[in-house]
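Please keep the sequence and the structure at hand while reading the numbered points.

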Amino acid sequence: MKMKKVVSSLLVAAMAASLLAGCGGSNDQATTDSAPADTTSESSSADTDAEPADTTEASTEDTSDDAEPAAEQTLKVAAFEGGYGADMWSEVVAAFEASHPGVTVELTIDKKIEDVISPGMKAGDYPDVVHLATGREAALTETLTKEKALLPLTDVLEMTVPGEDVKVKDKIIPGFLDTLATNPYGDGVTYYAPMFYSPCGLFYNAGLFKEKGWDVPTTWEEMWALGDTASAEGIALFTYPTTGYFDAFTYATLSSAGGSDFFNSCMTYEDGIWESENATKVFELIAKLGSYTEGTTVANANNDNFTKNQQLILDNKAIFCPNGTWLPGEMAEAPRADGFEWGFMAIPAVNEGGAGCSFCWFEQMWIPAAAQNQDMAKEFVAYMYSDEAAQIFAKSTAIQPITGVSDSLEGDNKMFYSIYDNGATAVMGGFASTAPVEGVNMLDTLCGTVNSIVSGDKTVAEWQAAVEEASDKLREAME
C-alpha cells in the first residue's frame, strides 16, 4: 500500500516549469506506533559487521604484488516494501554487489520497516542506508529529521553515478532537488534523496464513462453534477483508500485554490493561513466531497481493508479514487467489471478558469548521521540513479526521477506520467521541518480528520480550527 505518499518553498517557478515536461510511490500509512529512534547515540557506538573501508588514497601508495586487497565491507540497507514488492530490491542489491567487489549488502526489507529497525537504532545499531518516505504514521523519517540525525547528501549530488560519466545532480529531473521534500530545513542542503516518483490524481474506470456516455469532469461544478447523475444509478462519486491519501489530494487542492505562494505559506505555517478564504474553500470542498463518498468507505479506510475501497472503482460502485501510479499494479489480480479500463486525471480546478493540479509524490532515501559506513552508503545512494538500477526498478513499475525515463514507458504508465504534458500543474513539496512538538502531528490533524468529516462526527469549523492550532504550535518550533 502506498501514500504516500509537495510545491517547493524555494524554487516553485523553476520546478513547475521543468516538471510540466514530465514530473513523474509508495506510501503505506502504517498503523504501528514505532518508537522513535534514539538519535543521541554517537556513530562510534553503532554496531557493524565489518570495519569501514578506507576510501582515501586507494592502493596508489603500494602497487607491489604483496599489496593488501581493499578491506571487505558490509553495508546495511533497510528498505520499505511498498506496492512495488521486494524482488526489485534484491535484484538491485545483487547488481550493486557485482559492480562493487568486496562489498556485501545486508538487506532488510519489510512492510513495517520502522518496527524492524527502530529497536536496533535505539541501541545504537543503525542501518547505513534507509529507504523510507515521509508521511507515514510512525513518522520515523520526520523524527530523525527533527532531531538533526540525518547525514547531508549534497556532496552525493556532485558524485559521478557509478558506472557512468555523469554527475548524480545531472541525472535527476530538474525541480526534485528544490523542494522541502528533499531539503527539509529549507536551507538548500539535501538530506533526502528522491526515489520512485508518482503523479497523484484521481483514478477511474474509463470504460464506465464510455458505457454511460459521460464526460470526464474538469471543474468541481462538473464533478457535483456527475455525482448527482451517478447517484441516481446507485453509483457513488468518490471513495478513498485511507485518509493518508488526502495529503496529495489536499496539497493539489490548496495549490489550485490559492497558487504556489499560498501553498508555500500553508507549508511554512504562516499565521492565520488556515483560516484564510482560500483555505476555507478547500475545507468546505472536501466536506462536500464527503457527502458524495461511498457509504462503506470510512469503515474500510484502514491498513487491513483499504483494498476494499480501491475495489469499489473496479466494481463500478464508486467513480473516483485518489491514488498514485502504483494502484494498477497493486490491484492487478483483483476482479473488475466488464470493459474496465484505467483512467487517470488531475484534481479539478478549484477556481473558475484555473488549471487542474497533480501532486507529484516521491519516496525518499537517506543516511543516518550515525551510520558506520558513510562513504559506501553514499556510493549506494549514487548508484540508485544509474541506468542499470533504474531499469531494474522500472520492471516493477517503480520509476526513478531521472532525465529521459518517461521516453521508455509504455501503456498505462505512459498515460500516467504524461499528466503534466496534458495541462495539469505539478505540485511538489511538504511541510517545513520543525523541532519536535509533543502531541502535534500536522498530517494527522489535516488528513486524519477526514474520516470524522465524512461520518459527520466533526464539523468543518472544528477541523479548520484544529489545523490552525497545530500550525501555530509548529510555527513556533520551525527552524
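1. In which strand does Met-195 lie? The model is a predicted one, and in it Met-195 belongs to strand β4, which covers residues 193-199. Met-195 is buried because its relative accessible area is 0%, and the cut-off for burial is under 20%.

2. The surroundings of Met-195 deserve attention. Leaving aside neighbours within four places in sequence, its contacts include Trp-89, His-131, Phe-362, Met-384, Tyr-385, Phe-393 and Pro-401. Tyr-385 is 190 residues away from Met-195 in sequence, yet their C-alpha atoms are 8.9 Å apart in space.

3. Two packed helices are described by the angle between their axes and the distance between the axes. Helix α2 (residues 87-99) and helix α15 (residues 387-394) have axes that come within 9 Å and cross at roughly 160 degrees. Angles over 145 degrees count as roughly antiparallel, and α2 and α15 are therefore roughly antiparallel to each other. Their crossing is right-handed.

4. Which residues form the contact of α2 with α15? From α2 come Met-88, Trp-89, Glu-91, Val-92 and Ala-95, and these meet Glu-388, Ala-389, Ile-392 and Phe-393 of α15. Sorted by class, the contact holds seven nonpolar residues, two charged residues and no polar ones. Trp-89 and Phe-393, which take part here, are also among the contacts of Met-195.

5. Helix α10 (residues 277-290) and helix α19 (residues 460-477) pack with axes 10 Å apart, at an angle of about 135 degrees. The two are therefore oblique to each other, and the crossing of α10 and α19 is right-handed. In α10, the residues Ala-279, Thr-280, Phe-283, Glu-284, Ile-286 and Ala-287 meet Val-460, Trp-463, Gln-464 and Val-467 in α19. This contact divides into seven nonpolar, two polar and one charged residue.

6. How many residues does the largest nonpolar core contain? It has 133, of which Leu-237, Trp-274, Ile-319, Phe-320, Met-384 and Phe-393 touch the most other members. Helix α9 (residues 246-267) supplies the largest share of this core, with 11 residues. A second, separate core of 17 residues includes Tyr-126, Val-130, Leu-140 and Trp-366.

7. Is Thr-449 buried or exposed? Thr-449 is buried, with a relative accessible area of 10%, and is found in the loop between α17 (442-446) and α18 (450-455). Beyond residues up to four places away in sequence, Thr-449 touches Asp-444, Lys-458 and Trp-463. Gly-244 is 205 residues away along the chain, with 9.9 Å between the two C-alpha atoms.

8. Most residues other than glycine have a negative phi. Asn-316, however, has a positive phi near 60 degrees; this residue is found in the loop between α12 (306-314) and β7 (318-323) and counts as buried at 16% relative accessibility. Thr-397 likewise has a positive phi, near 65 degrees. Thr-397 is found in the loop between α15 and α16 (411-416), and at 30% relative accessibility Thr-397 counts as partly exposed.

Terms used:
Residues numbered from 1 in each chain as written. Predicted model: local features only at pLDDT ≥ 70, side-chain atom pairs only at ≥ 80, totals over all residues. Heavy atoms only, no water. Axes fitted to C-alpha atoms, helices over the stretch in contact; angles between N-to-C directions. Helix = DSSP H or I, 4+ residues; strand = E, 2+ residues; numbered from the N terminus. Parallel < 35°, antiparallel > 145°, perpendicular 65-115°, else oblique. Left-handed = near helix turned anticlockwise from the far one by under 90°. Contact = heavy atoms within 4.5 Å. Nonpolar A, V, L, I, M, F, W, Y, C, P; charged D, E, K, R; others polar. Core = buried A, V, L, I, M, F, W, Y, C linked by side-chain atoms within 4.5 Å. Buried < 20%, exposed > 50% of the residue type's maximum accessible area, 1.4 Å probe, protein only.
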